[in-house]
Amino acid sequence: MSNMFCFQCQQTAGGSACVNTGVCGKQPSTSNLQDELVCELIRLAELSKNENKHSAAADRLIIDGLFTTLTNVNFDDSAIKNFIGRVRNEQNKISRSEAEKIQVIDLWEGDTDIVSLRSTLLFGLKGMAAYAHHAMNLGYTDNEVLKWFYKGLCEVNREHNVTEWIELIMEFGQVNFKCMELLDKANTESFGNPVPTRVNVDIKKGPFIVVSGHDLNDLSQLLEQTEKTGVNVYTTARCCLLTAIQSSTNTITWRATSERHGRASRRNLRTYPRRCSLPPTVSCRQDRATRTGYTPHQSWVMTAWFTSHVQEQAKRISLRS
């Protein structure tokens, strides 16, 4: 009997599923709590629909709850337990007795194709929740997107044939595009339109803060708080490119390194931009790194990767035409 079941990411064990411990380090207790939270969110969505009662609190719980269960976003068991409690409290405000009557489907049991299609919709909802979460933090929401979170969770809890699942997933895709547009609007209206920007990513001694997320609002506040303090902010290269766009006139020095299998290389930075991150030693031992001013053994200055990438793509298009 397996201790857990998780196949959310492309790195899942054997290309099938993590059943003992996640390759990302996720423990069975965390995985099972995430599943429990998803079930409670489904129950909240069903209850809200049945009783025709929706609230801003429930909207936020569903979005943040789904985001919490996305791959390796949150491995804090106590935090997930507390979140489950908050969801149940919201259910109680609607009707505890009715909530207890709602049966939730076994997410991972059934015909292989059906489970895969059900999971596609569920994982898609989790991804859209990340977009909606960041947009909501900037004060942007969309009623159609919010309503589809309820619909999507309710449909996950229904039996459908293959054709019906595909139709649902295609419908969801259109709503997901709308949510992406919402986040784009939130970011551009809050931080300006993106332009290719030259950024300095060398590594220097001194105190620093490691940022691994993609919340531009949090990062913007952090930059304002650390400006002219001598504290350097390190982030993943893809986030560095995004946020440097917003702060191109800021005096903050942006730094990032690239790693693949623990070794830095210029080629990796250009060829695998989505893998760029700080070395594991730094990110996993953040407190010690901050105290000692530890810096990786190899660094370089990456200038305008985005610009060169666009130029390369333009050349390829020109040659084909």
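How are helices α1 and α3 oriented to each other? They are roughly parallel, and the angles below show where that description comes from. Keep in mind as you look that this is a predicted model.

Let's start with the whole protein chain. The chain holds twelve helices and three strands. Of its 321 residues, 46% count as buried. The accessible surface comes to about 17400 Å², and carbon and sulfur atoms account for 49% of that area. Now take the contacts between residues at least 6 apart in sequence: 71% of these join residues at least 24 apart.

Next, follow helix α1, which spans residues 28-51, and two of its partners.

| Helix pair | Axes | Angle | Handedness of crossing |
|---|---|---|---|
| α1 and α2 (residues 56-68) | within 10 Å | roughly 155 degrees | left-handed |
| α1 and α3 (residues 77-101) | 9 Å apart | about 25 degrees | left-handed |

Look at α1 and α2 together. Their axes cross at roughly 155 degrees. Angles over 145 degrees count as roughly antiparallel, so α1 is roughly antiparallel to α2. On the α1 side, the contact is made by Q34, L37, L41, L44 and A45, while α2 brings A58, L61, I62, G65, L66 and T68. Sorted by class, this contact has eight nonpolar, three polar and no charged residues.

Now turn to α1 and α3. These two helices pack at about 25 degrees. Angles under 35 degrees count as roughly parallel, and α1 and α3 are therefore roughly parallel to each other. By class, their contact has eleven nonpolar, six polar and nine charged residues.

How values were computed. Residues numbered from 1 in each chain as written. Predicted model: local features only at pLDDT ≥ 70, side-chain atom pairs only at ≥ 80, totals over all residues. Heavy atoms only, no water. Helix = DSSP H or I, 4+ residues; strand = E, 2+ residues; numbered from the N terminus. Buried < 20%, exposed > 50% of the residue type's maximum accessible area, 1.4 Å probe, protein only. Contact = heavy atoms within 4.5 Å. Areas by Shrake-Rupley, 256 points an atom, 1.4 Å probe, with all protein chains shown as cover. Axes fitted to C-alpha atoms, helices over the stretch in contact; angles between N-to-C directions. Parallel < 35°, antiparallel > 145°, perpendicular 65-115°, else oblique. Left-handed = near helix turned anticlockwise from the far one by under 90°. Nonpolar A, V, L, I, M, F, W, Y, C, P; charged D, E, K, R; others polar.
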